[in-house]
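Here is a short briefing on one protein chain. Keep the structure open and follow each topic in turn.

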Amino acid sequence: GSVSASFGALRLAQTTTHYRKLKATYCERSESPEFSPQLVPVSFPAYHYESYGVRLTFSEAIVAQFCAQVCEPLGPTLAAVCALMHSCVPFFVLCDPRDIRTWTPPELVAPADNCAEPAVLGSGMSRDVFLVDALTGGNGICECVFEHLEPVLARSHAVVCECACRNGCPACVMHNNLGNQPRSKRGAAALLGIVLAFADVKRAR
């Protein structure tokens, strides 16, 4: 299939690795030496919890076609797809966006030197997007997403294509709860368009 989707139990770990001092009244870096713009590393034990989630893996053929068509790094595109799906799930499942979490492996977020690199067969680079129930033990939302995956993907594609902005905004790919990683609106529109053209999702539990 163009996309492989799997649903199952997950064991997750969450920890804080860095922090930055900000002004107390508004989120803007201060010029005072006390408020350094640099990230300060910290070491905390990881918080482990178990939940349920969906893993989407885009096929090598889809990624190769995407790179040939758009010539952009895959990481920011997958990050944009995460934001779109996160916003569109409540259209099909009765929930709050905070009830789920989405992410793509962080090694793909940084722009690649060569846009075709992710398409190299056997390169070992991830092509995954994850959606996870935010509550320990799961809340049933991702199982519903698993059953309604095609409509969620189609809605995500419609949202990004119909948005009038140029490079992404909070109405499409700039979701405020998903961090400040780079996101490509153009890449997300292209990748989702290719996936929907194949209309082939392979499911497994």
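The model is predicted. The chain holds five helices and seven strands.

**The chain as a whole**

- The chain has 205 residues, and 41% of them are buried.
- Read along the sequence, the order of elements is β-β-β-β-α-α-β-β-α-α-α-β.
- Take the contacts with a separation of 6 or more: residues 24 or more positions apart account for 79% of them.

**The sheet**

- Five strands form an open sheet, in the order E5-E6-E4-E1-E7. Its pairing is mixed.
- The edge strands are E5 (100-103) and E7 (201-204), and each of them pairs on one side only.
- From one strand to the next, the twist averages 30 degrees.
- Strand E1 (residues 3-14) and strand E4 (residues 47-58) run antiparallel, joined by twelve bridges. Look for Val3: its bridge partner in E4 is Phe58.
- E4 also runs antiparallel to strand E6 (residues 128-133), and five bridges join these two.
- Four bridges join E5 to E6, again in an antiparallel pair. Here Thr102 has Leu131 of E6 as its bridge partner.

- Ser4 sits in strand E1.
- Ser4 touches Arg55, Leu56, Thr57 and Lys202, leaving aside residues up to four places away in sequence.
- Ser4 and Ala204 are 200 residues apart along the chain, yet 7.8 Å separates their C-alpha atoms.

**Helix against sheet**

- Helix H4 (residues 149-162) lies across E1, E4 and E7.
- H4 runs at about 135 degrees to E7.

**H1 with H5**

- Helix H1 (residues 60-70) and helix H5 (residues 185-198) have axes that come within 10 Å. The axes cross at roughly 135 degrees.
- H1 and H5 are therefore oblique to each other.
- The crossing of H1 and H5 is right-handed.
- H1 brings Ile62, Gln65, Phe66, Gln69 and Val70 to the contact. H5 brings Arg186, Gly187, Ala190, Leu191, Ile194, Val195 and Phe198.
- What classes of residue make up the contact of H1 with H5? Eight are nonpolar, three are polar and one is charged.

**H2 with H4**

- Helix H2 (residues 74-88) packs on H4 at an angle of about 110 degrees, and their axes are 9 Å apart.
- That angle makes H2 roughly perpendicular to H4.
- H2 passes H4 in a right-handed crossing.
- On the H2 side, Leu84, Met85 and Cys88 make the contact. They meet Leu149, Val152, Leu153, Arg155, Ser156, Val159 and Val160 of H4.
- The contact of H2 with H4 has eight nonpolar residues, one polar and one charged.

**H4 with H5**

- H4 and H5 pack with axes 9 Å apart, at an angle of about 140 degrees.
- Why is H4 called oblique to H5? The angle of about 140 degrees is what makes H4 oblique to H5.
- The crossing of H4 and H5 is left-handed.
- From H4, the contact uses Leu153, Ala154, Ser156, His157, Val160 and Cys161. From H5, it uses Lys185, Ala189, Leu192, Gly193, Val195 and Leu196.
- By class, the contact of H4 with H5 counts eight nonpolar, three polar and one charged residues.

**Residues to find in two contacts**

- Leu153, Ser156 and Val160 of H4 meet H2, and they also take part in the contact with H5.
- Val195 of H5 is in the contact with H1 and in the contact with H4.

Notes:
Residues are numbered from 1 along each chain as its sequence is written. This is a predicted model: local features need pLDDT of at least 70, side-chain atom pairs count only at pLDDT 80 or more; totals for chains, interfaces and linings use all residues. Side-chain values use heavy atoms; hydrogens and water are left out. Two strands pair if DSSP finds at least two bridges between them. Axes are lines fitted to C-alpha atoms, for helices over the stretch in contact, and angles run from 0 to 180 degrees between N-to-C directions. Contact means heavy atoms within 4.5 Å. Angles under 35 degrees count as roughly parallel, over 145 as roughly antiparallel, 65 to 115 as roughly perpendicular and the rest as oblique. A crossing is left-handed if the near helix is turned anticlockwise from the far one by less than a right angle, and right-handed if clockwise. Ala, Val, Leu, Ile, Met, Phe, Trp, Tyr, Cys and Pro count as nonpolar, Asp, Glu, Lys and Arg as charged, and the others, Gly among them, as polar. Buried means under 20% relative accessible area, exposed over 50%, partly exposed in between (1.4 Å probe, protein chains only).
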